[in-house]
Structures are given as structure tokens and as C-alpha cells.
Amino acid sequence: MDVIVDNLPTYLQGFATTLRLTLYSGALALVAGVLLAALRVSPLRPLRALSAVYVEVLRNTPLTLVFFGLVFVAPRFGLITPLGFWTAVICLSAYTAAFVSEAVRSGINSVGVGQAEAARAIGLTFGQTLGEVVLPQAVRSVIPPLINVFIALAKNTSVAAGFAVVELMATGRRLGVANAADGLWVLVGVAVFYLLLTIPLGLVAGAVERKVAFSR
Amino acid sequence: MRSRRGAVAVIAAMTLALTACSSDTDEPAEEDAAAEGDATEGAAADFPEGSTMAELAEAGSITIGTKFDQPLFGLVGPDGVPQGFDVEIAKLIAAELGIDEDGIEWVETTSQVREDFIETGQVDFIVATYTINDDRKERISFAGPYYEAGQSILTLAENEDIEGPDDLAGTKVCTVSGSTPEKNLLENFPDTEVVPFGTYAECIDPLRNGQVDAVSTDNVILAGFAADNDDLEVRGEPFTEEPYGIGLAKDDTEFRDWINDTLEAAYEDGRWTEAWEATAGTVLPTPEPPAVDRY
């Protein structure tokens, strides 16, 4: 136990990096994911295909390989990325965007087809139909799966520990070497800090779900 | 309730199995004591009754932990047999017990699991670039050291700015996340930006791309990379002391003293030098054997 208390400032530093990774990647993934979902239901076939390929490839690739691709493979083709935080944000948001897109798409699908048909019938454009009729209704059913995606993102940030980012997991490894005899407690401390991030997200999901719930 | 009863049954079964195991190792030793003088069991008779050495010699087999991914020291090739200086040292000790290569079972022991494997008895001893330090001594014992490594620096051969550890300030240095070298860098070179990856091999590409300026870990690991890549060079003298020891069960003083004696004998008669020259000595100069530390 003492090892956690004694190293609290070090833990907090790592936790802050994990928090920043989650927030920045989450925000970028949300924007990119909604755009991908919009493309996915757009009337233009090439755009639908583009979005489908992106989502399927990223969603079905292990996150470690996404990191590996940007950190080790891209430089071989002349794309030298700055090692560390921002490269990790790019990898995490590119990966998470695929899952956000799927969550949003499932929400769009849950809105009755008649809603979109009615919107078109009164002369709304595709953008207006999506933005003013379909998405506002979709949001209600999208919140819970979306929170799941962000909880997964918070935990996925630990992959960055192997790619030159000193977040919570890498901090735990450092503390583990410095306190070899208390290795188990060091990891318990790491777990507690992840829970500090993920459990509130889950609570938010529950609260939002109760607030927006309605019977169809 | 039902599942608890199940758990009790499992625990009972495990206890039985454990008892069975321990009696397996006890009984032959007693039989051996009775059958002492039997010519084929000569090796065991050389050792004090009940000692770890006598038990191992009697069994004719031994389980040894080493690393499987450490070039020059313990590296497993496609044939599945580890090779390197650690492996040769382990063989040398096993041979002294009358156990040949066929009687050795090699177990991979990464840095994270070494103390646990010794404490739980999954290995008889470990030779795995295992730095002797006080934290570890709280859980296990060390024989040796049989080699003194030290942390050093690897750069591109064309890099003229870094000639030694004094030139590290303001540079980016790649190492492994959660390793002893990382800890040393953080403590002793606060002006250096530490870039941690998962393995040392992953540091090589960023070094070539100029994303980091140097790679730092034990000189023996860096020497392996430099030997394989003409564009890389080890720079300066080692700036830490990493005495590699042989890890074994805590408080098995008899076994530890005996391994220390064996090492000293191997220093004397040239077997140690021979083992070095056949492995790490192919790329590194032959050092003087270090003095055994009988703490």
C-alpha cells in the first residue's frame, strides 16, 4: 500500500498523460466518427464505399498494429512522425473513429425510415435531413454504445506505453523497477487510476441513458 | 455454495498432487542414501547428503532458466535450443553435477518473472543476464558474479556529437519501458529525454531515422546490435556496473557456495574463458573474470 501513497505524484503525472490522451483522442474520434457515419449513409456510392473500407480495416486491425504502422512502417516510406504524444493521439483517434462511426450508424438505423422519407418529401436536402431530423433522434440511442467506445478508448491508451509515451502504464512499469519488491502493489495502483477514469464514464452513461430514455 | 465445494475439491486435489510431488523428490534421496556406494550413482555420493547438489545429481536432470531473446547470452534459434554465454555457464555448472546437455530442461525466464520462478521452484537456478542487486536479494540468493556488464551508448557510426555519457544532455535516448537502464537514465541524466519502447530492437529504426540520437542499455546487448549492423557503433566506456549473477533459492547457502566454488574452478582452468570466446567473445574483447562475491 505504502508504495502507492509514496509515489502519488509520479502516478498523477502518468494519469494526467492518460487523461489527455483519452480526451484529445476521444474528441477527434467523435468528430471523425460522425463524419464517417454521415458518409456511410450518404446518397453517393463512392463515399459510402470509402467510409465502409476505412471502418472495416481499422475496426478489424489490432490497435498495436495501427501504432506499429505509424511508428515503424510509415517512416520507411518517408513519413517521419514525431515520436510520442501526438502520434499516439493520431493512432488512437483513427482507430476509435471506426467504432464511433459504427455506433452512430446503428443509431441512425434505429430512426424510422419514414422520418427520412418525410423530411425528403417536404424538400429538405440530405444535410438537413441528417442534421435536423435523423441525428437528433439517433443521439438518444447512440449515447450508451458511444460511452462504451470511450471506456474502451481510455483503457486502450495503455498501448501507447510501448510506443514512447509515458502514460499510466509506462509509469507503472517505471515504478515497478524502482520498487521491485512491491511489484504487485504498483500494479494495483495503476488499476485504481484506470478505474478513476472509467467508472465515472460508466456513471455518466447511466445518467444520460435515464435522461434521454423514451418509449418509441 | 456449490461452487465453493468445487473449489475445496480443487484445492484438495492440488494439495494431494503437491504432496505426491514432494515425496517423489524425497524418496529417491533416501533410497540413494541407502544405496550409497553403488557405482552408477557415484556423482551423488560426492555431495553432502540431502543437499540440492546431491538431489540434482541423483535425478540426473535439471531445469535451468535463461533468456531466449538475448543475443550473445541466451538466444533461441529455429532449432529451439538456447545459445550464448549464459547458456555455456549453465552447462558448465550442470556438467559439474554429472548432468549432460540432454538432462537440461531450458525454461524461458524474462525479467518480469525471474524471482517468481525461483520462489515457486519452477527452475533450479537462473542464468539470464541477471544483475545482482539488493532488492532482488530480499527474495532470492545470487552466486557469482560471473560477468560484469555495464550500461553503455549506441549511436550511428556517422554521429560525431556523442562520444560518451557526458554528451547525452539535450539528446533523445531510446531504451525499454520499465527497464533498469531506463531507471539509470532518469536518475543520472535528468537533461536527457528518455524515449521508451517495448524492446531494444524497436529502438534501431528510430535511431536510423534520426527520431532518437542514441540507444542505451547494457554494453553486451548493444555490442550484439553493433556486430550485426555496420552503421551502428558503441560509444564510450560503460557508466554503470551490472554484475551478472546466478539466481537460486534464497538461503540455499550450500548450493550457492558450491556454485561459487565451481565458477572459481572454471576461472582457474580456462573453461570460463573458453565459454566466453565461443559466444560473446566473438564480438567483445575477453575480460578478466570478476571476483566471486560471497556475501
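A cavity here is a set of grid points where a 1.4 Å probe fits but cannot get out, and its lining residues have an atom within 4 Å of a point. In this predicted model, the count comes to one cavity of 30 Å³ or more. The largest cavity has a volume of about 40 Å³. Its lining consists of A:F67, A:V71, A:L83, A:G84, A:T87, A:A88, A:F163, A:A164 and A:V165. Helices α4 (63-73) and α5 (85-110) of chain A each contribute at least two of the lining residues. By residue class, the lining has seven nonpolar residues, two polar ones and no charged ones.

Charged side chains come next. Over all chains, the whole structure holds 19 salt bridges. One of them joins B:E88 to B:K91, at 3.4 Å from N to O. Both residues sit in helix α4 (residues 85-96) of chain B, three residues apart, or about one turn of the helix. B:E88 counts as partly exposed because its relative accessibility is 26%.

B:E96 pairs with B:R271, with 3.2 Å between the closest N and O atoms. B:E96 is partly exposed at 39% relative accessible area, and B:R271 is partly exposed at 25%.

A salt bridge of 2.8 Å, N to O, connects B:R139 and B:D116. B:R139 lies in the loop between α6 (134-137) and β7 (140-149) of chain B, and B:D116 in helix α5 (residues 114-119) of chain B, so the pair ties together parts 23 residues apart in sequence. B:R139, at 21% relative accessibility, is partly exposed, and B:D116 is partly exposed at 37%. In chain A, salt bridges with shared partners join A:R40, A:E56, A:R59, A:E102 and A:R105 into one network.

How values were computed: Residues numbered from 1 in each chain as written. Chains lettered and ligands numbered in written order. Predicted model: local features only at pLDDT ≥ 70, side-chain atom pairs only at ≥ 80, totals over all residues. Heavy atoms only, no water. 1 Å grid on protein atoms, 1.4 Å probe; cavity = no way out; pocket = protein on both sides within 12 Å on 5 of 7 lines; lining within 4 Å. Points joined across faces, edges and corners; volume = space filled by probe spheres on them. Helix = DSSP H or I, 4+ residues; strand = E, 2+ residues; numbered from the N terminus. Nonpolar A, V, L, I, M, F, W, Y, C, P; charged D, E, K, R; others polar. Salt bridge = Lys/Arg side-chain N within 4 Å of Asp/Glu carboxyl O. Buried < 20%, exposed > 50% of the residue type's maximum accessible area, 1.4 Å probe, protein only.
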